[in-house]
Amino acid sequence: MAVNINPAETTGKWSGHEHRQWQLRLYVAGQTPKCLAALANLKKLCEEYMDGDYQIEIIDLLQQPQLAKGDQILAIPTLVRKLPEPVRKIIGDLSQTERVLIGLDLRPR
Amino acid sequence: MSPAKSIRRERERLLLIKAPTGIAGFDDITGGGLPLGRPTLVSGTAGCGKTLFSMQFLVRGAIDFAEPGLFVSFEENEQELTQNVASLGFDLADLIKRRLLMIDFVRAEQSEIEETGDYDLEGLFVRLGYAIDQIKAKRVVLDTIEALFAALPNELALRSELRRLFRWLKDRGVTTIITAERGEGEFTRHGLEEYVSDCVILLDHRVIEQVSTRRLRVVKYRGSFHGTNEYPFLIDEHGFSVLPITSLGLNHQASTERMSTGIAQLDAMLENKGFYRGSSALLSGTPGSGKSSIAAHVIDAACARGERCLYFPFEESQPQIMRNMQSIGIDLGRWVSRGLLRFHPARPHVYGIETHLAMMLKQISRFDPQVVVVDPVTNLTEVSSPLESKAMLARLVDYLKVNQITALFISLTSGTHQTEMSEVAISSLMDTWLLLRNLETNGERNRGLYILKSRGMSHSNQIREFVLTDRGARLLDVYAGPAGVLTGTARIVQEAQDKAAIVSACNEIARKQRALASMKDAMDAQIAALHARFAAESSELNTAISEGLLAERALAEQGNILGNLRGGRASNGSSSGKKGAKHGRQYQSGRDNGQVERART
């Protein structure tokens, strides 16, 4: 199950002069509470901080185990920021919002 | 196999099925390999060979036992790993192509990871499971999973996940090796032994006096008998090998077969037959006393019989030995080219003694020779303590005896009695001890050889002078006479003197014989002269006697005639004799008359 969530396409909103396309990938393994919590937390964050200009790809490793190698996935859930570069990995259920924002470079370290 | 041993084997088989590692020697000390379908922890300091041990387990499993293997590397990528083990003879790319091996590089960088709440390692599980399914792996290596402790900050979560991982691997039924760094006072830095309790193997790489020795120890092997000693191991161009010392024991066969030493006179000292096959001989001597030359003879004779010989020189290179032996007329090169003789030179200080011996045992088991020469064994003892060296030599000697390999250990002594005493430690392991001594007398040095001991035969107790000629070594009887034991020119001089003495004695006898003969001649001459004189005188006397008798008769006749003339009894001739006897005085006068008569005639 790879689900693409792309609000930009539906809303047509762009964030003015400093265009930042967010490309995010969330690795999960089945519908575990941790994975569901991570997805919920991620959506909330994106709405709040990314101004609708983001793409979320959800990869369920139970269905596509071969994809674990590509992004060096060990922990589940793992959020990978593909864009903007550099690539960042954020592990856990994303419940600690401050740490997620740091991880995504939305807050200074 | 003894009954007790087979029962033990049988019991082990029932208790625990093992996955052979294919690592030489290791399967011996563990009774078959690693526990099948269970995780094993291999721990050691950096650079001690953990990765190699694991990789060999997979490669041999894939090639020899048709068990595909998965190598999960947390430190090196596929390319690096392939390059690292290529020098050890493993062609990983080929195995990967044949789907017998898979390398999965798991990179976990702390700098890239931000922890934001609960997580588990399901990603790793999925990944492993997927890789295992792909090649149907039976063997898995995690090298080294401790890298995760650096990458993931939440140690508590990690520990519970590792516990789950090992359980999961067990459930999958794969035989797993988990490597770990040796920690302070612990087997592993992060206490992984807590989770992996079936089998723990410790690798060690010690450097003592700048000489390194690698050792392996099976710390724990649940449900199995295992050797508990520290076993030296080797990493060379053929990979990882553990010194197989399970043969250590005194139950080897004793052959009655004999083999010539290649020197007829030396054979003669050993009951005319030479060494026992499978025995160990110590050949000790001072520098330049001809030890290597005797060894070359033994090798030459063995190769000529079609036997294989393995030579371990620790001082000279192969070409140097071959050149030197050429000078005494022994061509070792022809045996080398026929594959009967192999040299394995090494400097003693390159490794520790255990590594040396492991290396030697490996070479021996590979070449399977009938004769082994170690030249000199004393150099090996230099790189270790006497106790260690004796223990290791005992292992070597036992190994050789079990395999019925005749061994010649050359020992270099400084010639003093103290050194000979210190060799006693080694010599007790030896069956035959030949001692070469430099005998210094009259400003020259000569070589003497004698047999200190030779078990199981009535050997000669004589010293022989050992001479190297351009046609090989020869043993000569030394001069042992009233002037003492002499060798070299002194022997020759003494022998010449003896010869001269004998010649002059012979001359003296001849002279005396001649004197005696001439004395006899003189005596005979005298006898002859006496005889002649006697003959001359006796004939003269006889003449005189007969003349006397004639004269007497004539006188008597004259008397008769006179009587007849005076008494007229001339007719009575028969009584004339009586009358003559009665009248002695008449005879006297008649004799006077006779004389007158003779003078007259």
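**Figure 1. How much of chain B is tucked away.** In this predicted model, 41% of the 601 residues in chain B are buried. Chain B is built from 20 helices and 25 strands. Take the contacts in chain B between residues at least 6 apart in sequence: 71% of them join residues at least 24 apart.

**Figure 2. The largest nonpolar core.** Here we look at a core of 164 residues, the largest nonpolar one. The residues with the most contacts inside this core are B:Ile299, B:Cys309, B:Val373 and B:Phe409. Helix H10 of chain B, covering residues 291-304, supplies the largest share, eight residues.

**Figure 3. Who sits around B:Ile299.** Set aside the neighbours of B:Ile299 within four places in sequence, and what is left in contact with B:Ile299? The list reads B:Cys309, B:Tyr311, B:Leu332, B:Leu341, B:Val371 and B:Val373. B:Cys309 and B:Val373 are also, like B:Ile299, among the residues with the most contacts inside the core.

**Figure 4. Strand E18 of chain B, wrapped up.** This strand spans residues 371-375, and five of its five residues are buried, so E18(B) is largely enclosed by the rest of the structure. Follow the side chains and you'll see B:Val371, B:Val373 and B:Asp375 pointing one way, with B:Val372 and B:Val374 pointing the other way.

Figure 5. Strand E16 of chain B (residues 309-313) runs parallel to E18(B), and five bridges join them. In that pairing, B:Tyr311 has B:Val373 as its bridge partner. Strand E19 of chain B (residues 406-412) is also paired with E18(B) in the parallel sense, over four bridges. Which residue of E19(B) is the bridge partner of B:Val373? Look for B:Leu408.

**Figure 6. Over to chain A.** Chain A has 109 residues, and 36% of them are buried. Its secondary structure comes to four helices and five strands. Starting at the N terminus, the elements of chain A go β-α-β-α-β-α-β-β-α. For contacts in chain A between residues at least 6 apart in sequence, 71% link residues at least 24 apart.

Note on methods: Residues numbered from 1 in each chain as written. Chains lettered and ligands numbered in written order. Predicted model: local features only at pLDDT ≥ 70, side-chain atom pairs only at ≥ 80, totals over all residues. Core = buried A, V, L, I, M, F, W, Y, C linked by C-beta atoms within 7 Å. Buried ≥ 20, exposed ≤ 12 C-beta atoms within 10 Å, placed from the backbone. Helix = DSSP H or I, 4+ residues; strand = E, 2+ residues; numbered from the N terminus. Contact = placed C-beta atoms within 7 Å. Pairing = 2+ DSSP bridges.
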